[in-house]
Amino acid sequence: MDSPAAPRHRRSRRDWLVDTAMFVLAVAFGFYTSVERLHAAPLPPAWLFTLDQVVSMLGCAALWLRRRWPVGLAVTLVALSAVFEMIAGPMLAALFSVAVHRRPRTSGTVFALSVLAAVVFTYLRPDPDMPPLALLTLGLALQGAAVGWGLFVHHRRRLVLAQRDRAARMETEARLRAEQVQHQVREAIAREIHDVLGHRLSLLSVHAGALEFNPGADPADVARAARVIRQSAHQALQDLREVIGVLRAPTGEPSAPERPGLPTLADLEQLVAESGRAGMRVDLCDDLGPRESIPDRTGRTAYRVVQEALTNARKHAQGAEVRVRVTGAPGEGLTVDVVNDVPAAVAADAAGGGHGLAGLAERVTLAGGRLEHGPVRGDGDGGPGGWRVRAWLPWPA
């Protein structure tokens, strides 16, 4: 709208109606002025009246170009209006077009030129039937009305465009928020599936590996291992269905407590027992007192910390002893400390193999806690070091 030249485009039906109305009004104004001047005797010289009519017709015809060159047409008609009387109709239409399609500063400049032209016309062609001041006031009133109406249309269009832009931005923001929510849901699904299936599949891998490396085992042991594999596979499917069911449930506020159905600290002993049946040596030390006030999210996150640490130890430190200690009190926070006896170099290599610890750190951060992991020093005699996963989680008083 504010560009120096409006882009060419095909006129719509509304554009044709507006342009035709402008042309008809300009012709009617010129015709009325011509009739009035015939009844009151044309101003001298006589040939100027004929030239005035010709210029007026040309100005009316030029209005069809007002959309392409509004400023140039308006300046030309304003300059002619300083001498010719009947060009006033096309000149007012041109002033209106400039006010609609150009900046208010440009409209003000053209209006100032029209005021100057009105003063010159009043001086060059005074009307014997009307005082000069009254003639000038009438001309300025008509020109001011045309520019004011055009400015009103201009600002109304700008307001409509601003509202449309705002609606478009709001729609875009809503779409981006929806995409962000979908991304967060995908991350939550991936995190839960990793936690559940990673633990279960590692158990399956341990039992299946025992069968593979000991094909001549006692049939009772084979049957026992096969039963554990079947139970673990069944439990993995059950856990997966549970996770998907919870994640498909309607979401509440982001800070709402975790929904029931997913494991918490109450299931920690069962988790340790499953790892023990898989051949791991796990020592659990639970120094927590009454845990009724532990938030569900904190308890669930603590469970996931232990689960991920045991899964990594089972993958990368087979046969190592794992010590799990859970301590804390209301107001102090809940601390989960998992240490396995494995050489630090091996643990460091294992840490770079996947994204489990990175996802675990994100989960702990979302719960308002802190996660630390890394190698620990061995004993003073140069014994093997180990790997530690330590998390602190909030436990309000």
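Which side chain meets that of Arg 390 in a salt bridge? In this predicted model, the partner is Asp 337, with an N to O distance of 3.6 Å. The pair links distant parts of the chain, since Arg 390 lies in strand S5 (residues 386–393) and Asp 337 in strand S3, 53 residues apart. Arg 390 is partly exposed, with a relative accessible area of 35%. Asp 337, by contrast, has a relative accessible area of 12%; because buried means under 20%, Asp 337 counts as buried. Salt bridges that share partners also bring in Arg 388, so that Asp 337, Arg 388 and Arg 390 form one network.

**Overall architecture**

The protein has 397 residues, of which 37% count as buried. Its secondary structure comprises eleven helices and five strands. Among the contacts with a separation of 6 or more, 74% are between residues 24 or more positions apart. The accessible surface comes to about 23000 Å², and carbon and sulfur atoms contribute 61% of that area.

**The sheet and its helices**

Five strands form an open sheet in the order S1-S2-S3-S5-S4, and their pairing is mixed. On average, neighbouring strands are turned by 10 degrees against each other, direction ignored. Strands of a sheet pair through backbone hydrogen bonds, in either a parallel or an antiparallel manner. For S1 and S2 the pairing is parallel and extends over six bridges. Val 282 has Val 322 in S2 as its bridge partner.

Helices pack on this sheet. Helix H8 (residues 268–277) touches S1 and S2, and its direction makes about 165 degrees with that of S1. H9 also packs on the sheet and touches S1, S2, S3 and S5; its direction makes about 5 degrees with that of S3.

**Salt bridges**

The structure holds four salt bridges.

| Arginine | Aspartate | N to O distance |
|---|---|---|
| Arg 325 | Asp 287 | 3.3 Å |
| Arg 323 | Asp 341 | 3.2 Å |
| Arg 390 | Asp 337 | 3.6 Å |

What does the salt bridge of Arg 325 with Asp 287 tie together? Arg 325 forms a salt bridge with Asp 287. Arg 325 belongs to strand S2 (residues 321–329), whereas Asp 287 is in the loop between strand S1 (281–286) and helix H9 (296–316), so the pair ties together parts that are 38 residues apart in sequence. Arg 325 is partly exposed at 46% relative accessibility, and Asp 287 is likewise partly exposed at 38%.

The side chains of Arg 323 and Asp 341 meet in a further salt bridge. This pair links distant parts of the chain, with Arg 323 in strand S2 and Asp 341 in strand S3 (residues 333–341), 18 residues apart. Arg 323 has a relative accessibility of 34% and counts as partly exposed; Asp 341, at 37%, is also partly exposed.

Taken together, S2 holds Arg 325 and Arg 323, while S3 holds Asp 341 and Asp 337.

Note on methods: Residues are numbered from 1 along each chain as its sequence is written. This is a predicted model: local features need pLDDT of at least 70, side-chain atom pairs count only at pLDDT 80 or more; totals for chains, interfaces and linings use all residues. Side-chain values use heavy atoms; hydrogens and water are left out. Helices (H or I, at least four residues) and strands (E, at least two) are DSSP runs, numbered from the N terminus. Buried means under 20% relative accessible area, exposed over 50%, partly exposed in between (1.4 Å probe, protein chains only). Two strands pair if DSSP finds at least two bridges between them. Axes are lines fitted to C-alpha atoms, for helices over the stretch in contact, and angles run from 0 to 180 degrees between N-to-C directions. Contact means heavy atoms within 4.5 Å. Accessible areas come from the Shrake-Rupley method with a 1.4 Å probe; for residues, only the protein chains shown count as cover.
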